[in-house]
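Here is a quick tour for someone who likes to know the cut-offs behind every contact. Have the viewer open and follow along.

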Amino acid sequence: MTGVNRTTLRTVLAADYGGLFRRLTRRLGSADLAGDALQETFLRVERVTDDVPVHSPKEFLFRIALNVATDHRRIDRRLLSGNAVDALLDIPDDSPDAAAILESRQDIEALDRALAELPARARQVFMAAVVRKLPDHEIATLLGVSVRTVEIDLKNALKHCAERLGRRLVRRAGGPRPRS
């Protein structure tokens, strides 16, 4: 006698599907969830063995359906809601657009051309001060010139680059560059 439990459960489920559906709907508060749980219950009945006799088939089926519904709710909690997905899709993209990227590349090319027009020492002062962020006295030591010469070269280099890029030269707040 194999499959007795399975046959009994299938018969009871088919005969009392409506009653189980209404009972589940009341318990779960959702007809959709109850319907889904009963469909899954039908599939799970196919895996029932005869190892342990089923004494109360209706209660057994109801328990299976409740467990299925609990599993579905757990899965639903892990998924994002439609509103959460919409909120994620509305996050503004802060990355630059193609026009901004193109403009930046053109600025870099213009700066390269402007730097190439500078005398060698002024270009070295600019790169040391602006790119490497070295203090004026270190630049002066590296180039073997006075700090005042570094300041003048840097001022002239910045002015030249600003003119070539069509920008206004803005004086730094906080006074002269640190000498230490």
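## Ground rules

This is a predicted model, where local features need pLDDT of at least 70, side-chain atom pairs count only at pLDDT 80 or more, and totals for chains, interfaces and linings use all residues. Residues are numbered from 1 along each chain as its sequence is written, and side-chain values use heavy atoms, with hydrogens and water left out.

Helices are DSSP runs (H or I, at least four residues), numbered from the N terminus. For accessibility, buried means under 20% relative accessible area, exposed means over 50%, and partly exposed is in between (1.4 Å probe, protein chains only).

## Salt bridges

Side chains of opposite charge can pair when their charged atoms come close. The rule here asks for a side-chain nitrogen of Lys or Arg within 4 Å of a carboxyl oxygen of Asp or Glu. How many salt bridges does a search of the whole structure find? The search turns up ten. Among them is the contact between aspartate 16 and lysine 58, at 3.5 Å from N to O. Aspartate 16 sits in the loop between α1 (4–15) and α2 (17–28) while lysine 58 is in helix α4 (residues 57–78), so this pair ties together parts that are 42 residues apart in sequence. Lysine 58 is partly exposed, at 43% relative accessibility.

Next up are aspartate 107 and arginine 167, whose side chains meet in a salt bridge at 2.6 Å, N to O. That links distant parts of the chain, with aspartate 107 in helix α6 (residues 98–117) and arginine 167 in the segment after α9, 60 residues apart. Both ends count as partly exposed: aspartate 107 at 24% relative accessibility, arginine 167 at 44%. Then there's the bridge between arginine 121 and aspartate 153, at 2.5 Å from N to O. Arginine 121 belongs to helix α7 (residues 120–131) and aspartate 153 to helix α9, so the pair ties together parts that are 32 residues apart in sequence. Arginine 121 is partly exposed at 36%, whereas aspartate 153 is buried at 9%. Elsewhere, Glu40, Arg44, Asp71 and Arg74 are linked in a network of salt bridges.

## Charge over a ring

Which ring does the charged end of arginine 23 sit over? That ring belongs to phenylalanine 62, and the charged end is 3.7 Å from its centre. To qualify, NZ of Lys or CZ of Arg must be within 6 Å of the ring centre and within 35 degrees of the ring normal.

## The second largest pocket

On a 1 Å grid over the protein atoms alone, a pocket is an open set of points where a 1.4 Å probe fits, with protein on both sides within 12 Å along at least five of seven lines; lining residues have an atom within 4 Å of a point. The second largest pocket holds about 150 Å³ of space, a volume being the space filled by probe spheres set on the points.

Its lining is made up of Leu111, Phe126, Leu158, Cys161, Ala162, Leu165, Arg167, Arg168 and Leu169. Helix α9 (residues 147–165) gives the largest share, four residues. By class, seven lining residues are nonpolar, none is polar and two are charged. Here Ala, Val, Leu, Ile, Met, Phe, Trp, Tyr, Cys and Pro count as nonpolar, Asp, Glu, Lys and Arg as charged, and the others, Gly among them, as polar.

## Around helix α7

Alanine 128 is found in helix α7 and is buried, with a relative accessible area of 5%. By contrast, the C-alpha atoms of arginine 121 and aspartate 71, 50 residues apart along the chain, are separated by 74 Å.

Most residues other than glycine have a negative phi. Lysine 133 has a positive phi of about 60 degrees although it is not a glycine. Lysine 133 lies in the loop between α7 and α8 (136–143) and is exposed, at 64% relative accessible area.

Definitions and conventions
Helix = DSSP H or I, 4+ residues; strand = E, 2+ residues; numbered from the N terminus.
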